There are 2 protein chains.
Amino acid sequence: MRRLADELGVTPMAIYKHIDNRERLLDAMVDHVVAEIASASTVGEWKHDLRARILAARSATRRHPWMQSAIESRTAASPAVLAHMDALMATMFDGGLSSDLVHHAMHALSTRMWGFTRDVLPTPTAPADPAERARAYAAFAEHYPSIVRMATTAPGAGESCDTDAEFLFALDLLLDGVERLHANGWSSR
Amino acid sequence: MRRLADELGVTPMAIYKHIDNRERLLDAMVDHVVAEIASASTVGEWKHDLRARILAARSATRRHPWMQSAIESRTAASPAVLAHMDALMATMFDGGLSSDLVHHAMHALSTRMWGFTRDVLPTPTAPADPAERARAYAAFAEHYPSIVRMATTAPGAGESCDTDAEFLFALDLLLDGVERLHANGWSSR
DNA sequence: GAGCCTAGGTATACGATGTAGACATGTCAA
DNA sequence: TTGACATGTCTACATCGTATACCTAGGCTC
């Protein structure tokens, strides 16, 4: 709050003439950005439209570095948040999915619906110098052979991950899974 | 820190004779619990073993209410954390998965590997009284028809969700998806 | 037995943070 | 002209993690 006040060239307490408190401010900020999520290109095919909407969420949230922690710290859903969730569900209902499946799919997609995911805990970054890196890997390999194996042999080893690709990979895994369950007439019993 | 000191019947600063700072303490707490994750029943089938290990993580983390936020606040991986990740990868490598697929699978599973998931933003809980609830739903339905449709027609409507079932649903969606990609000789190109 | 190190605890204080409460001021309607 | 209201300011407080300086009892060395 004090930093924001500084940036506005104003006393911290001046902010409180406009908002109740910090939490309400964050609510409003999240709401504002979430409201940006347009309905994207809908073609009437539920999986495509769901994917498009989630990618629209991704592009909206990624424009604001503070959005991830802001969303994650909210404890109640704002109108815009509810609208986004409602739109996701509507897409699935329109596609003929059962209420049961929509329910479970929403839980499964909850880690993706805002367009970002909490990363795996970061492993130490490898040194840039090749000789140095080889030595670091060797030491590391003693205790964590599989991590090193993956880090050294996966395509793009050494480079940083393509986060868009990783996001899409997991998203499609979930969407394809839901589609398959739907086709098989899945029910939670 | 001050509350912990109180509980120990000691001055806050006494704690600092034993640890560097609050962050290191949380690191150690997480490390301690993560180390509890035993290798569970391994039967030599990668999907089963992966599932078992993640469920072992779930049972370890769920014993400690503070674990979720503690893990989520860590910025560097501890030895026990690395060991858990290494074990997950080893299981997949042993199952014959490619380095490429292991890499992507780990990203996709990163939201499940500790045995918990960040919940969907909570929607307002429905009133207990049936008449009151009906009225609340009616008002809500005007703006969020699909949410209400799901909430009222999904099996177990009105009851609270079975979080274990929801966790398993999403986990299996991911595992089955990875298995299918593996069977089809998937590669990221 | 004298001296001293050290592990573990205390007392005090500081800076950052969100925010309560009382007070000032400029604008505009009545 | 008056007074209400919107918008600021100033001061102060509780809470938090933690730096610094100091104390003390037990056990070691000589």
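I first asked what covers the buried residues of α9(A). The cover includes α3 (46-62) and α6 (99-109) of chain A, along with α6 (99-109) and α9 (163-183) of chain B. I took helices as DSSP runs of H or I with at least four residues, numbered from the N terminus. Buried means that 20 or more other C-beta atoms, placed from the backbone, lie within 10 Å of the residue's own. Among the buried residues of α9(A) I listed E166(A), F167(A), F169(A), L173(A), L174(A) and L181(A).

A note on the source: this is a predicted model, where local features need pLDDT of at least 70, side-chain atom pairs count only at pLDDT 80 or more, and totals for chains, interfaces and linings use all residues. Residues are numbered from 1 along each chain as its sequence is written, while chains are lettered from A and ligands numbered from 1 in the order in which they are written.

Next I checked the length of α9(A): its 21 residues should span 30 Å at 1.5 Å a residue, and the end C-alpha atoms are 30 Å apart, so the two agree. The expected span is 1.5 Å times one less than the number of residues. Just after α9(A), I found G185(A) with a positive phi of about 65°.

Then I turned to the chains: 44 residues of chain A are in contact with 45 residues of chain B, contact being C-beta atoms, placed from the backbone, within 7 Å. On the side of chain A that touches chain B, α6(A) gives the most, with eight residues.

Note on methods:
Helices (H or I, at least four residues) and strands (E, at least two) are DSSP runs, numbered from the N terminus. A residue is buried if 20 or more other C-beta atoms lie within 10 Å of its own, exposed if 12 or fewer, and partly exposed in between; C-beta atoms are placed from the backbone. Two residues are in contact if their C-beta atoms, placed from the backbone, lie within 7 Å.
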